[in-house]
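This report describes selected strand pairings and aromatic contacts. The sequence and coordinates are shown first.

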Amino acid sequence: MPLELYRDKNHACLMFTDLIEEDGQAVQANQFLIVDDDTGAIIDPGGNLAFNELFMGMSKHFAPGKLSYVIASHADPDIIASLDRWMTSTKASLVISRVWERFAPHFTKVGKTENRVIGVPDSGGHLPLGRHELVLLPAHFMHSEGNFHFYDPVSRILFTGDLGVSMMSGAEARIPVTDLAPHIPRMEAFHRRYMVSNKILRLWVRMARQLDIAMLVPQHGAPIMGKKAINDFLDWIENLMCGIDLFDDRAYQIPTAHIDPVSRQLRPALRAVNA
């Protein structure tokens, strides 16, 4: 069952957290359905692992044949690897950064995306959705070169893709975080590696503080809800050193370890006896 993030008589935001088997082979991922009157959009629909369950699950709330948009924060496999199936089973347009506009068709059969891709410029924009709109916010290099977050002014939810991610099960992801401090250990390692630099985080925070945000919802893990938790998150990432801030010449050395294809482990390089 999806988690209802918001609902009024004309507008709904649903979050699917547990459509992927939690057997350790694939990372947990969230998918989102936004409905405004008779217009619907799927945000970050995921890969083939999630397609069947998501398609059937959304059918209980909105007719897939009426879907207007498949919206992708970026072009990673856990975001839109199922694109071919969405292009086949619906008449929706793909909304994605112009950076990835000509790469996305590689997920589909020839011709499936023809005249069905809305390329978003780096500056973002406002996308009509029913009687309202979604704000497509620049989030480049967080962690993708062409990346967007999606703000819904009706629910005041900010869908943040890989920002705010936490490592947990689909069941745990259904429980919103209202106290940030004990949650940071589940976020820190991911953000230090997948966000490109503190400069980018500071620029994004400056923009985000201008929004009225009731909930910050990432593509992996739990939503962050409430003014205090959201402000604490903004304060935390604004000062986080990450990505290229943490790299130096030690990360770029000729490797000496060997990969064992059977154990899938690394083993040290052999050394000559009389070396």
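Two strands are taken to pair if DSSP finds at least two bridges between them. The model discussed here is predicted. Strand 9, residues 132-138, and strand 10, residues 148-152, are paired in the antiparallel sense over four bridges.

Turning to the aromatic side chains, the model contains eight aromatic pairs. One of them joins Phe51 and Trp86 in an edge-to-face arrangement, with 5.1 Å centre to centre and 80 degrees between the planes. The angle is over 60 degrees, the cut-off above which a pair counts as edge-to-face. Because Phe51 lies in helix 1 (residues 48-59) and Trp86 in helix 3 (residues 83-89), the pair ties together parts that are 35 residues apart in sequence. Phe51 and Trp86 also form one aromatic cluster together with Phe55.

The table lists the accessibility of the two paired residues.

| Residue | Relative accessible area | Class |
|---|---|---|
| Phe51 | 7% | buried |
| Trp86 | 0% | buried |

Phe51, at 7%, is buried because its value falls under the 20% cut-off. Trp86, at 0%, counts as buried by that cut-off as well.

Technical notes:
Residues numbered from 1 in each chain as written. Predicted model: local features only at pLDDT ≥ 70, side-chain atom pairs only at ≥ 80, totals over all residues. Heavy atoms only, no water. Helix = DSSP H or I, 4+ residues; strand = E, 2+ residues; numbered from the N terminus. Phe/Tyr/Trp six-rings, centres within 6.5 Å; stacked < 30°, edge-to-face > 60°. Buried < 20%, exposed > 50% of the residue type's maximum accessible area, 1.4 Å probe, protein only.
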